[in-house]
Each structure stands twice: as structure tokens, then as C-alpha cells.
Amino acid sequence: MRLPGGCSPKCVITIFSRRVLRSYVPVQGRWRCNVAAFMPEAAGFDGVSTRTALQDYSVSNSESFWAAVARQRLSWIKPFTTVQDCDLSQGRIKWFEGGKLNVSVNCLDRHVHTCPERVALIWERDEPGSEVKITYRSVGLDYVYVCLSSFVILSMSLISFHSHLLEMTCRLGNMLRRYGVQKGDCVTIYMPPCPLAVASMLACARIGAAHNVVFAGFSAEALAERIRDAKSSTVITVNQGVRGGKIIKLKKTVDKAVENCPSVQQVFVAARTDNPVTMTPKDFALEEEMMKEDVVCEPAVMDSEDVLFLLYTSGSTGKPKGLVHTQAGYLLYAALTHRYVFNYHDGDVFGCVADIGWITGHSYSVYGPLANGATTVLFESTPIYPNPGRYWEVVQRLKINQFYGAPTAIRLLLKYGDEWVQKYDRSTLKTLGSVGEPINTEAWEWYHRVVGDRRIPVVDTWWQTETGGICITPRPSEPDAEIVPGMAMRPFFGIKPVLMDSEGKVLTSNNTSGALCIAQPWPGMARTIHNNHQRFIETYCQPHPGYFFTGDGAYRSKEGYYQITGRLDDVINVSGHRIGTAEIEDVVNLCSAVAESAVIGYAHDIKGEGVYAFVVLKKEVNTQSADLSKQLNDTVSMKIAKYACPDYIQFVKRLPKTRSGKIMRRVLRKVVERDLNGLGDLSTLDDPAAVQEIIQGHLELC
Ligand code: PRX
């Protein structure tokens with residue numbers, strides 16, 4: 001009898017853990033994956049005895065697969081009556097209709113019944129060694145007994161709401177209700193990763209309000225734009241953020257934003273630091289208001305397709321779009337991918353170091369882990385504070401089992417050398433994950449060899465804000481699965497990727513590249529763009545009718561493995577932060593000195609992509625270019641965020657344009673890549689001499 005990998009059962013016993021062994025059973029003289037031990041929901045799938053068969057089943061019997069998983073993974077108040085009602089060509093996506101549930105109950109109450117003392121959140125604060133642990137529990141009798149004197153009430157309640165997630169959530173839910181937030185409203189959350197931010201998200205879910213978390217690095221204008229689009233009456237923030245040893249004046253940013261948001265009636269301000277901030281009549285101290293509330297909050301009964309949250313992200317044109325995710329499908333997909341992509345098991349400590357302002361933080365710091373009853377880490381700091389060993393010191397101190405981070409941080413850390421990793425014990429690690437941008441082979445190898453001691457699988461996970469959860473990924477839960485460095489590898493359960501050629505035909509062979517689409521709906525996908533379903537249809541459903549278009553290109557290898565080759569549109573990825581070049585151009589063009597501009601991404605050692613701006617000034621402008629560069633950078637920082645600021649600004653007399661006036665960004669990219677032989681046919685340009693000037697200017701600048 002042979003096991004996968006060609007070993008005999010005897011030698012395998014010494015290699016595989018008992019958990020892995022349980023996953024294999026002898027079937028007709030051969031060791032087969034015990035699919036039901038691997039995925040209990042699969043027990044009823046007829047004829048499914050291998051994981052490959054399970055993958056095939058999940059795609060070809062998608063309804064039966066997702067129905068079984070949804071029934072067993074989620075707690076329903078009322079069971080669903082239909083599994084899906086989707087038509088990608090119409091942009092109609094509905095899952096588990098008829099079903100009623102509450103997401104916060106799924107993430108909290110059911111674990112409070114089974115493991116109340118388990119730590120739900122570890123808040124790894126900026127100051128190393130000052131982590132705060134929050135259990136799932138709500139307050140029990142011990143709390144009631146100590147409420148005997150007012151002094152004890154105050155001191156105990158402060159301790160309590162900083163240690164029990166269900167209680168914090170309930171108090172916040174009641175507080176929001178008292179201030180008039182109703183089912184269907186949208187609350188904007190502008191906070192760094194911290195327990196009160198997570199409790200605020202869950203409190204919204206508890207009372208049936210949607211949340212709109214805005215990354216706390218966004219400027220006042222970017223925040224205001226998102227508050228206005230979401231029509232939030234309520235904002236939750238902190239007085240100040242603390243990151244990399246620096247204080248960030250978040251409340252000030254909110255004050256500025258709210259000036260231009262007539263919908264906002266109240267701002268709740270949590271105290272991250274002891275420094276007082278100016279409070280306006282609209283402002284309320286969050287902790288004080290919470291403490292007035294009961295620790296029990298009746299959960300709202302939600303339909304599967306009610307909105308859970310909006311999350312704004314950049315597209316290739318126009319304003320950022322508020323992608324809408326709904327209750328059941330999103331939660332199910334986040335939970336299932338968290339369990340199987342990372343090989344998460346009960347009791348593990350899961351360390352996703354993304355900010356909660358991005359989809360990675362939503363799905364893998366908050367919803368996926370909490371739905372699975374995990375202990376999840378909220379990381380407030382930076383990879384190099386107070387030194388480049390920070391991540392691995394945290395892994396050692398918190399005994400992290402799965403670490404999930406971005407290639408940009410890995411590239412930065414590898415430059416500091418191996419000793420910063422090797423001095424810390426990483427023996428608890430079982431999976432290393434990468435997300436948000438392509439991971440180059442050098443960074444992948446270092447992550448695997450140095451951080452993972454060649455022992456730990458690295459999973460390069462591809463997905464997007466739109467997909468809700470990981471779609472293409474190696475799966476370490478398959479111990480024998482091959483992982484090729486730098487490749488996202490295989491589709492997750494229920495995902496059917498296809499590549500399209502430029503004429504919109506499906507490419508069926510391997511060893512080919514094309515536009516990456518997904519051929520059938522899955523529960524975690526976004527349902528629409530807030531206030532603009534037409535834009536949703538045009539962006540994702542119309543480019544390849546009947547398919548979900550991702551905007552990315554991909555290569556499928558001879559073996560059928562996927563590698564993401566990058567965006568096909570004008571979206572770039574700066575340090576894992578997604579931004580549309582058109583968004584930056586719009587801001588640059590606002591400066592009074594600027595006639596027009598063209599922004600492109602270029603390969604950057606650490607950031608993955610950097611921002612390069614070509615700027616044409618108005619004829620009458622004669623300011624020094626250094627002053628202008630600063631002015632332009634300040635404007636981008638003020639209107640969007642610091643990460644969107646151009647690394648290079650090249651002032652040019654004119655931009656290369658076609659005769660119809662279209663800017664030839666392709667030519668600009670080739671100049672910056674120094675691929676002058678690849679400039680292509682310039683004869684269609686209105687003024688080919690412009691290119692020579694641009695090349696000359698570029699060589700002088702860089
Ligand atoms: O271009 C892809 C890139 O990030 C985009 C999605 O960005 P966002 O919605 O901000 O979500 C980031 C976190 C999921 C994708 O369209 N991307 C994401 N993961 C990868 C990636 N590119 C290459 N490899 C990846 N693993």
C-alpha cells in the first residue's frame with residue numbers, strides 16, 4: 001500500500017502527524033484521502049473519495065457543495081430555502097435566500113457557549129510586549145457580584161469591557177441603537193486595528209447596520225468622500241493612533257472630514273492615548289457611552305442577502321467604489337477559506353498583520369477567524385518597529401501558528417538580513433501566507449527558507465476586495481500538494497477560473513496567458529457597487545458576458561497551475577495598497593499650475609510598484625520644479641493618502657498622444673522601464689518628437 005508521496009505506511013507514520021494520518025483511509029487496497037475527516041461537510045457527497053474529486057464536486061455540484069457547507073458551518077435562525085439565484089450576465093447574485101441569521105452570533109455567541117474563556121483577539125499594540133487579550137466571553141456572574149460599590153463598578157467594568165468581546169459588542173450595539181442607528185443604516189469606522197474597532201464592526205452586524213471601515217491612513221477628503229457616499233450618520237474613531245512610535249492625529253482628520261459631511265450626527269471617539277483632544281458638540285467619548293449600556297443586546301434577525309458591509313476600493317476610472325458584501329455568503333466563504341487555505345485547527349493562534357481597513361483585515365483578521373472560533377491577532381505596529389525583528393518576535397511571544405502578510409514587508413525585511421529572523425523561535429508556525437500583490441521568487445524563497453526553515457508551506461493567495469475571500473491558492477491542508485514558488489497555484493473549492501483571449505474566447509489549453517475570469521458565482525463575491533449597480537455590471541459582468549472579470553491577467557502553466565501576471569487596467573498596487581492611476585491624475589490636475597498629467601506604475605524594489613507622474617505645466621507657470629513637486633505631493637497626500645504620492649515627478653512639455661488625443665501610457669511605461677527597443681510603433685503619435693524629450697528628461701531625473 002502506498003501513500004501519496006510514494007512512502008510506505010510505516011515510514012509515513014513517523015513523518016505525518018496523527019491528524020494527517022486520520023485524513024487517509026484504505027480504499028480497495030490503496031490509501032485514499034478520508035475526505036470526511038478532512039472536511040466533515042463532505043461526508044454526504046456521493047462518490048467523493050479524494051480531494052481532487054472534492055474539488056471537482058465543489059465546482060460541478062456547486063449548489064449541493066455550498067448547501068452542505070452552509071448548513072454545517074453557520075448557525076441559522078431560519079434555514080435557507082434556495083441555495084443560489086445567480087445570473088452573472090445580469091449581475092444578479094443571491095445566495096441562501098430565505099435564510100435568516102446574525103453574523104455577530106456566528107462570530108461570538110456560539111463560541112461563548114462552547115469555549116467562553118478562549119482568547120478571541122490578541123491586540124498586539126505598537127509598544128512591543130504590551131499586548132491585550134480579549135476572550136470571547138460575555139460578562140458572567142462574577143461581574144454582577146463585584147458591582148457592589150460604585151468604585152468597584154467603575155474599575156471592574158473598565159477591566160471587563162476590555163477583556164470580553166461579546167460584552168463589548170453588545171454594549172456598542174446598544175449604544176448605536178440608543179443614538180438612533182437602525183437596521184440598514186451604515187456606520188463609518190475610522191480606526192486602526194484594535195479590539196474596539198472589531199467590536200464596532202460586530203456591533204453593526206448585531207443590530208443589522210452595515211459598516212464602512214475606512215483605512216486610517218486615508219486623508220480627510222478621502223474619508224469625507226466615503227462617508228458621504230455611504231450616507232453615514234455615525235462615525236466611530238479614536239482620539240489618536242499610535243504606529244511605529246509615532247502619534248497619528250486621527251480625530252483631527254475626522255473633524256476635517258465631518259465638516260463636509262452633512263449626514264453625520266454623531267462621532268464616537270475612543271481613547272487610544274491619554275492625550276486629550278478637542279471635542280465638538282457632535283463628539284462623544286466612546287468608552288463612557290458604552291459603559292451606560294447593558295451587556296446583553298438582542299441580535300437583529302437578518303436575511304442572508306442583507307448588507308453586511310461596504311468597502312471602498314479603487315477602480316481604473318472615476319471615484320473609489322463601495323463594494324457591497326452581504327451576510328451569509330461572505331461569512332461562509334471567509335470562514336471556509338480561513339480553515340482550509342491556512343490549515344487552521346481549533347486552538348490555533350492566527351496572525352494576519354493586515355490593517356482592518358482593507359479586505360484582508362475584514363476577512364482574515366475578523367470574520368473568517370472569529371466565525372471559526374479562532375484566536376486572531378490585531379497588529380497595530382509596523383514590520384520594522386522597534387526593529388526589523390518585530391514580526392518574528394511577535395510570532396515567538398504570541399505563539400502564532402499561521403502568519404499572513406504582504407510581499408512588500410517581506411521584501412523590506414529580507415534586506416535587513418537573516419539574523420533578525422533567526423534569533424526568534426518560530427517553531428509554532430505551520431503556514432506562511434502572502435497576499436495583495438505578486439510575490440517575487442527571491443522574496444518567496446527567503447520567506448520559505450529563512451522564516452519557514454524550509455519546513456513551512458508558503459501560500460501565495462490571490463483574491464480581491466471583490467471576491468470577498470481567497471480564490472486561487474496552494475492548499476497546505478493537502479500535505480502532498482505541490483507548491484511552486486511565486487505561483488498562486490490552484491482554485492479554491494467552488495471556484496472555476498478561466499483565461500480569456502483578447503477576443504473574449506475561453507483559452508482551454510495550458511501553458512497560456514489571458515484575462516482571468518471566474519466562470520461561476522461563489523458565495524463570497526461582492527453583490528454590487530453601493531449606489532451604482534450599473535457600474536458593477538459594466539466593470540465585472542459585461543467585459544466577458546456570463547463570467548466575472550477580475551481585471552487581472554494570469555498565466556496557466558503546463559501543469560494547470562495559475563500565476564497572476566498583474567492588472568490589465570490602470571490600477572496599480574503600491575505596497576499592497578490598490579490605487580487607480582486615474583485617481584492620482586485627477587488630484588494632480590487639480591493643482592493650478594498643472595495643465596495635464598499621466599501617472600503610471602513602475603517596478604519598485606520594496607513597494608512592488610511605485611508611482612511615476614508625468615506632468616505638463618500651464619504655459620504661464622515658471623515656479624521652480626522642486627517647489628512644485630512638493631506642492632503636488634502635498635496635494636496627493638491631502639486628497640488621497642501618503643502612499644499614493646508619486647516617487648518621481650517628471651515635468652514634460654507634452655505627453656505622447658494619438659491623433660485622437662489619447663495619452664499613450666504604453667509608451668510612457670516603456671520609457672520608465674528603459675525598454676527603448678520596445679517602444680513599438682510611434683507613427684500613430686500626434687507628435688513623435690515628444691517621446692525623445694521624455695526619454696531625455698527621464699534619464700536626467702533617475
Ligand atoms: O491585482 C491583484 C492583486 O491585488 C488586487 C486586489 O487588490 P485588493 O482588492 O486591494 O485586495 C488585496 C487583498 C486581497 C488583485 O486584483 N493581488 C492580490 N493578491 C495577489 C495579487 N497579485 C498577485 N498575487 C497575489 N497573490
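Over residues 53–107 the chain is 45% helix and 4% strand, with the end C-alpha atoms 30 Å apart (helices are DSSP runs of H or I with at least four residues, strands runs of E with at least two, numbered from the N terminus). UniProt lists this stretch, in an unreviewed entry, as "domain: Acetyl-coenzyme A synthetase N-terminal"; such annotations may be inferred rather than shown by experiment.

The model is predicted, so local features need pLDDT of at least 70 and side-chain atom pairs pLDDT 80 or more, while totals for chains, interfaces and linings use all residues. Residues are numbered from 1 along each chain as its sequence is written.

Now for the helix pair. Helices α17 and α19 pack at about 75°, their axes 9 Å apart (axes are lines fitted to C-alpha atoms over the stretch in contact, and angles run from 0 to 180 degrees between N-to-C directions). That makes them roughly perpendicular, the word for 65 to 115 degrees. Here is who touches whom, with contact meaning backbone-placed C-beta atoms within 7 Å:

| Helix | Residues in the contact |
|---|---|
| α17 (residues 407–414) | Pro407, Ile410, Arg411, Leu414 |
| α19 (residues 441–451) | Ala443, Trp446, Tyr447 |

Elsewhere, Leu176 sits in helix α9 (residues 165–178). Leu176 is buried, because 26 other C-beta atoms lie within 10 Å (20 or more count as buried, 12 or fewer as exposed, in between as partly exposed). Beyond neighbours within four places in sequence, Leu176 contacts Val181, Val187, Ala203, Ile207, Ala209 and Thr234. Ser200 is 24 residues from Leu176 in sequence, and their C-alpha atoms are 9.3 Å apart.

Technical notes: Angles under 35 degrees count as roughly parallel, over 145 as roughly antiparallel, 65 to 115 as roughly perpendicular and the rest as oblique. Two residues are in contact if their C-beta atoms, placed from the backbone, lie within 7 Å.
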